[in-house]
Amino acid sequence: MFHDRARIRVQAGRGGDGALSFRREKHVPKGGPDGGDGGPGGDLALVADADLRDLSRFRTSRLYKGGRGGSGGGSGKHGAAGESVELAVPAGTQVFEGERLVADLASPGARVVVARGGSGGRGNRRFATSVRQTPRFAEVGLPGESAELELRLKLLADAALVGLPNAGKSSLLARISNARPKVASYPFTTLEPILGTVDAPDGRQLTVADVPGLIEGASEGVGLGHEFLAHLERAGLLVHVIDVGEDEPAERWATIDRELAAYGAGLDALPQVVVLNKIDLLPEPPELGVEDERIVAVYPISAATGAGVAEFRRGLFEHVPEREALPEARPEGLADFLVYRPKPRGKRFRIFRTDTGFRVMGRPPGDEELAEALREAGARKGDEVAIGDELVEFA
């Protein structure tokens with residue numbers, strides 16, 4: 001089953017704790033502080049992969065975590081960085097937080113960091129001063145960023161087949177490409193988008209998408225097509241397939257064209273090739289009867305017998321615009337490589353590990369949040385926690 005949407009939660013790794021340590025060597029009975037810093041937590045990133053076709057991998061696993069940074073050690077040793085996690089997604093995936101677009105991975109190799117790992121805590125040697133020569137505390141690592149994200153896929157195809165149900169789109173795709181879609185004589189045989197690769201004798205290739213048939217009202221959610229209209233947005237060319245054995249070709253073309261215009265997103269501005277299919281059912285070659293500057297060619301064919309298909313396949317390579325000439329797919333200001341910053345959680349305090357327990361510095365939050373933060377920092381029942389001038393026991 002084709003999956004073009006998924007919800008995931010990402011949690012970057014927590015930073016490692018700074019070390020509380022003093023130099024202890026033979027002949028150096030009272031050495032100074034030498035606790036090293038904790039390592040940073042691992043990041044979470046999404047990377048566009050040209051070999052992936054949908055988001056099905058995210059249907060069973062929805063929580064992804066980066067590795068925790070290593071704790072610092074004595075002798076000034078720093079902790080190791082936590083393991084970062086890269087999640088591969090299909091090229092064309094958009095990343096949303098709520099309804100806000102935060103990244104558009106519109107090309108293979110595009111990458112976005114969606115959660116940055118927490119900073120490592122500073123070791124006690126970082127707090128040594130001329131006045132405070134033996135600091136008996138060290139910072140614990142900060143938690144990593146987290147976010148609830150929705151992934152939405154818009155297929156990247158050179159051309160997309162559109163038309164009413166049972167127009168013969170799947171039969172045509174099977175004729176011209178390596179795709180083997182289900183073909184039957186009843187409407188809505190195609191229930192999900194299908195991609196096929198069309199090869200030219202000179203080695204060139206095109207990607208062609210077949211989406212479920214559209215019906216009147218599709219732009220308003222009627223039928224199956226509304227779910228997949230978004231996959232047409234990044235096509236360079238629309239191939240409008242019309243069953244000439246049903247009604248007037250001009251009326252059928254106008255029905256779909258109205259839905260494209262009503263949906264918006266520039267679909268009604270894309271160049272079109274019109275395919276008049278099933279000419280084997282007519283005694284005379286049909287005519288479209290439509291004059292429109294967006295129509296760059298009309299091909300009478302029969303996907304059943306193969307008549308006219310070779311000429312149409314050759315024409316595809318002539319009519320599909322070069323990728324460099326297509327409009328920019330991502331919104332202005334979104335780069336191939338970027339860092340997304342989840343909303344800050346508003347923490348205005350730090351937790352230090354001391355030789356007797358923990359110390360909270362800054363403005364403490366509510367009891368529940370503080371307890372959770374202390375628990376994440378490693379506090380156990382009975383540990384001593386200093387909050388300002390107050391000394392409490394962690395419960």
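What covers the buried residues of H1? A word on the source before the answer: this is a predicted model, where local features need pLDDT of at least 70 and side-chain atom pairs count only at pLDDT 80 or more, while totals for chains, interfaces and linings use all residues. Residues are numbered from 1 along each chain as its sequence is written, and side-chain values use heavy atoms, with hydrogens and water left out.

1. The cover of H1 includes strands S10 (159-162), S11 (194-199), S12 (205-210), S13 (237-243) and S14 (272-277), together with H3. Contact here is heavy atoms within 4.5 Å; helices (H or I, at least four residues) and strands (E, at least two) are DSSP runs, numbered from the N terminus.

2. Within H1 (residues 169-176), Lys169, Ser170, Leu172, Leu173 and Ile176 are buried, meaning under 20% relative accessible area (1.4 Å probe, protein chains only). Seen down the axis, the buried residues of H1 fall within an arc of 160°, so they line one face of the helix. That arc is taken from the directions from the helix axis to the C-beta atoms.

3. Now the rings: there are five aromatic pairs, counted for Phe, Tyr and Trp (its six-membered ring) when centres lie within 6.5 Å, with planes under 30 degrees apart stacked, over 60 edge-to-face and the rest tilted. One of them, Phe137 with Phe352, is edge-to-face at 5.6 Å and 85°. Phe137 is in strand S8 and Phe352 in strand S17, so the pair ties together parts 215 residues apart in sequence.

4. Phe127, Phe137 and Phe352 are linked into a cluster by ring pairs.

Definitions and conventions
Buried < 20%, exposed > 50% of the residue type's maximum accessible area, 1.4 Å probe, protein only.
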